[in-house]
Amino acid sequence: MDEAVDTPSAILSSAALLLRQRTFEDISYLELAEIADVSERTIYRRFPTRSHLLEALGRWIEAEHFPVAEFRTGAEFREVVRLRLRAYEAEPAYAFVAARGAALSPIGGESAGPLTDAIVAMLESAAPDLNRRDAQRVTATLRYFASALFWARMRTGFEMSADEAFDVFDLAADRILPVAVKAKRTA
């Protein structure tokens with residue numbers, strides 16, 4: 001029998017609702033249980049620590065509020081990143097929680113995520129002969145510059161707007177993407 005309610009999603013959407021009223025630190029498991037209409041014990045079973053909850057909430061927010069648009073080329077990727085950085089700026093409370101969740105060492109055993117998967121696919125198409133190590137380096141670099149974590153650091157550390165942060169991303173992409181293509185040619 002199918003589960004009528006996706007309990008983890010109900011918990012995470014309730015946490016996101018509470019984020020409209022307070023910070024993540026101010027959300028208690030008891031309050032979250034009441035809003036999600038589950039027991040506090042259920043929340044502890046799904047998210048044993050606040051780090052587990054923060055990591056899952058960050059992923060959920062990325063998926064629900066900042067979904068990855070499809071891209072295949074470097075130009076399409078740049079436009080996707082521009083729009084993502086603007087979306088982060090439009091919903092900063094969610095973007096900062098997504099950034100904090102992404103900053104944690106992975107503890108949930110989840111995959112890398114749709115943005116990373118899309119970057120890998122783009123590189124496999126643009127530079128299929130790129131060796132695995134270099135492909136991972138390029139992917140990791142591009143993933144960071146396209147992330148909520150990067151946006152948050154540019155905003156808080158340098159008071160940059162989304163468009164200014166995109167300019168930084170664009171400079172990095174100008175250096176990284178040709179390296180991947182060049183490596184393909186020399187391979």
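These legends describe close-up views of a predicted model. Local features are reported at pLDDT of at least 70 and side-chain atom pairs at pLDDT 80 or more, whereas totals for chains, interfaces and linings use all residues. Residues are numbered from 1 along each chain as its sequence is written, and side-chain values use heavy atoms, with hydrogens and water left out.

**View 1. The protein chain as a whole.** The secondary structure comprises 10 helices and zero strands. Helices (H or I, at least four residues) and strands (E, at least two) are DSSP runs, numbered from the N terminus. Of the 187 residues, 39% are buried; buried means under 20% relative accessible area, exposed over 50%, and partly exposed in between (1.4 Å probe, protein chains only). A contact is defined by heavy atoms within 4.5 Å. Among contacts with a separation of 6 or more, 72% join residues 24 or more positions apart.

**View 2. The largest nonpolar core.** A nonpolar core is a set of buried Ala, Val, Leu, Ile, Met, Phe, Trp, Tyr and Cys residues joined through side-chain atoms within 4.5 Å. The largest one has 55 residues, and those with the most contacts inside it are Leu57, Ile61, Phe77 and Leu142. Helix H10 (residues 162–186) supplies the largest share of this core, eight residues. Leaving aside residues up to four places away in sequence, Phe77 touches Phe71, Leu115, Ile119, Met122, Leu142, Ala146 and Phe169.

**View 3. Met122 and its surroundings.** Met122 belongs to helix H7 and is buried, with a relative accessible area of 4%. Its contacts, not counting residues up to four places away in sequence, are Phe71, Arg72, Thr73, Gly74, Phe77, Leu142 and Leu177. Met122 and Arg72 are 50 residues apart along the chain, and their C-alpha atoms are separated by 5.2 Å.

**View 4. Helix H5 against helix H7.** Helix H5 (residues 74–90) packs on H7 at an angle of about 160 degrees, with the axes 11 Å apart. Axes are lines fitted to C-alpha atoms, for helices over the stretch in contact, and angles run from 0 to 180 degrees between N-to-C directions. The two helices are therefore roughly antiparallel; angles under 35 degrees count as roughly parallel, over 145 as roughly antiparallel, 65 to 115 as roughly perpendicular and the rest as oblique. The crossing of H5 and H7 is left-handed. A crossing is left-handed if the near helix is turned anticlockwise from the far one by less than a right angle, and right-handed if clockwise. Gly74, Phe77 and Arg84 of H5 make the contact with Leu115, Ile119 and Met122 of H7. By class, the residues of this contact are four nonpolar, one polar and one charged. Ala, Val, Leu, Ile, Met, Phe, Trp, Tyr, Cys and Pro count as nonpolar, Asp, Glu, Lys and Arg as charged, and the others, Gly among them, as polar.

**View 5. Helix H7 against helix H8.** The axes of H7 (residues 114–126) and H8 (residues 132–145) come within 10 Å and cross at roughly 130 degrees, so the pair is oblique. The crossing of H7 and H8 is right-handed. From H7, Leu115, Thr116, Ile119, Val120, Met122 and Leu123 meet Ala135, Val138, Thr139, Leu142 and Arg143 of H8. This contact has eight nonpolar, two polar and one charged residues. Gln136, found in H8, is partly exposed at 41% relative accessibility. Gln136 and Val120 are 16 residues apart in sequence and 8.2 Å apart in space, C-alpha to C-alpha.

**View 6. Helix H1 against helix H2.** The axes of H1 (residues 7–19) and H2 (residues 29–36) come within 9 Å and cross at roughly 110 degrees. H1 is therefore roughly perpendicular to H2, and the crossing is right-handed. Ala10, Ile11, Ser14, Ala15 and Leu18 of H1 make the contact with Glu31, Leu32, Ile35 and Ala36 of H2. Seven of these residues are nonpolar, one is polar and one is charged.

**View 7. Two loop residues with positive phi.** Most residues other than glycine have a negative phi. Asp37, in the loop between H2 and helix H3 (40–46), has a positive phi near 60 degrees. Asp37 is exposed, with a relative accessible area of 70%. Glu159, in the loop between helix H9 (148–158) and H10, has a positive phi of about 55 degrees. Glu159 is exposed at 71% relative accessibility.
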